[in-house]
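Q: Hi! Could you walk me through this model?
A: Happy to, let's have a look together.

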Amino acid sequence: MTTFAQNDYSIIKGNVAEKNVNISIINTSFGVSSDNKGDFIMMLPKTEKQVGLLFSCIGYEDTLVSVIPNRDTIE
């Protein structure tokens, strides 16, 4: 576990109800995959700008979700 003196990151977490869903940040090489229960968690630097999250999984249509990671936790 990593801790920071200043909380400059937002924690993005959720459940996609399917395992092995890839969640990637648009225009970066960063991403995570959901676990066997469909849960995922990632950290993004706090910003007031929209960040695009692309959810993709074999057999499903890709979904793009925009978030503004300006809070400590976004579910």
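**Strands, pairs and turns**

Q: Let's start with β1 and β7: how many bridges join them, and do they run parallel or antiparallel?
A: Strand β1 (residues 9-15) is joined to β7 by 2 bridges, and the two run parallel. Strands pair if DSSP finds at least two bridges between them. Within this pair, Ile11 stands opposite Thr73 in β7.

Q: Before we go on, what kind of model is this, and which pLDDT limits apply?
A: This is a predicted model: local features need pLDDT of at least 70 and side-chain atom pairs count only at pLDDT 80 or more, while totals for chains, interfaces and linings use all residues. Residues are numbered from 1 along each chain as its sequence is written, and side-chain values use heavy atoms, with hydrogens and water left out.

Q: Thanks. What's the order of the open sheet of 3 strands?
A: The order is β4-β1-β7, with mixed pairing. β4 and β7 stand at the edges with a single partner strand each, so one side of each has no neighbour in the sheet.

Q: And how many helices and strands are in the chain?
A: The chain has 0 helices and 7 strands. Both are DSSP runs numbered from the N terminus: helices are H or I with at least four residues, strands are E with at least two. The radius of gyration is 13 Å, close to the 11 Å that the globule rule gives for 75 residues, so the chain is as compact as a globular protein of that length. That radius is taken over C-alpha atoms, and the globule rule is 2.2 Å times the number of residues to the power 0.38.

Q: What does the C-alpha trace span along its principal axes?
A: It spans about 40 × 25 × 20 Å.

Q: Switching to β5: which strands does it pair with?
A: Strand β2 (residues 22-25) is joined to β5 by 4 bridges, running antiparallel. β5 also pairs with β6 in the antiparallel sense, over 5 bridges. As for partners, Ser24 is bridged to Leu54 in β5, and Phe55 to Thr63 in β6.

Q: What sits between β5 and β6?
A: They form a hairpin with 6 residues between them, and Gly59 in the turn has a positive phi of about 90°.

Q: Is β5 buried or exposed?
A: 5 of its 6 residues are buried, so β5 is largely enclosed by the rest of the structure. Buried means under 20% relative accessible area, exposed means over 50%, and partly exposed is in between (1.4 Å probe, protein chains only).

Q: What about aromatics, which residues form the pair?
A: There is 1 aromatic pair. Phe40 and Phe55 form it, edge-to-face, at 5.7 Å centre to centre and 75° between the planes. Phe40 lies in strand β4 and Phe55 in strand β5, so the pair ties together parts that are 15 residues apart in sequence. On the cut-offs, rings of Phe, Tyr and Trp (its six-membered ring) pair if their centres lie within 6.5 Å; planes under 30 degrees apart count as stacked, over 60 as edge-to-face and the rest as tilted.

Q: Now charges. How many salt bridges are there?
A: The structure holds 1 salt bridge, a term for a side-chain nitrogen of Lys or Arg within 4 Å of a carboxyl oxygen of Asp or Glu. Asp72 forms it with Lys46, and the closest N and O atoms are 2.5 Å apart. Asp72 lies in the loop between β6 (63-67) and β7 (73-74) and Lys46 in the loop between β4 (39-45) and β5 (51-56), so the pair ties together parts 26 residues apart in sequence.

Q: And how accessible are Asp72 and Lys46?
A: Asp72 counts as partly exposed at 39% relative accessibility, and Lys46 counts as partly exposed at 31%.

Q: One more thing: which residues other than glycine have a positive phi?
A: Ala17 has phi near 65°, and Asn20 has a positive phi of about 60°. Ala17 lies in the loop between β1 and β2, and Asn20 has its place in the loop between β1 and β2 too. Ala17 counts as exposed at 62% relative accessibility, whereas Asn20 is partly exposed at 48%.
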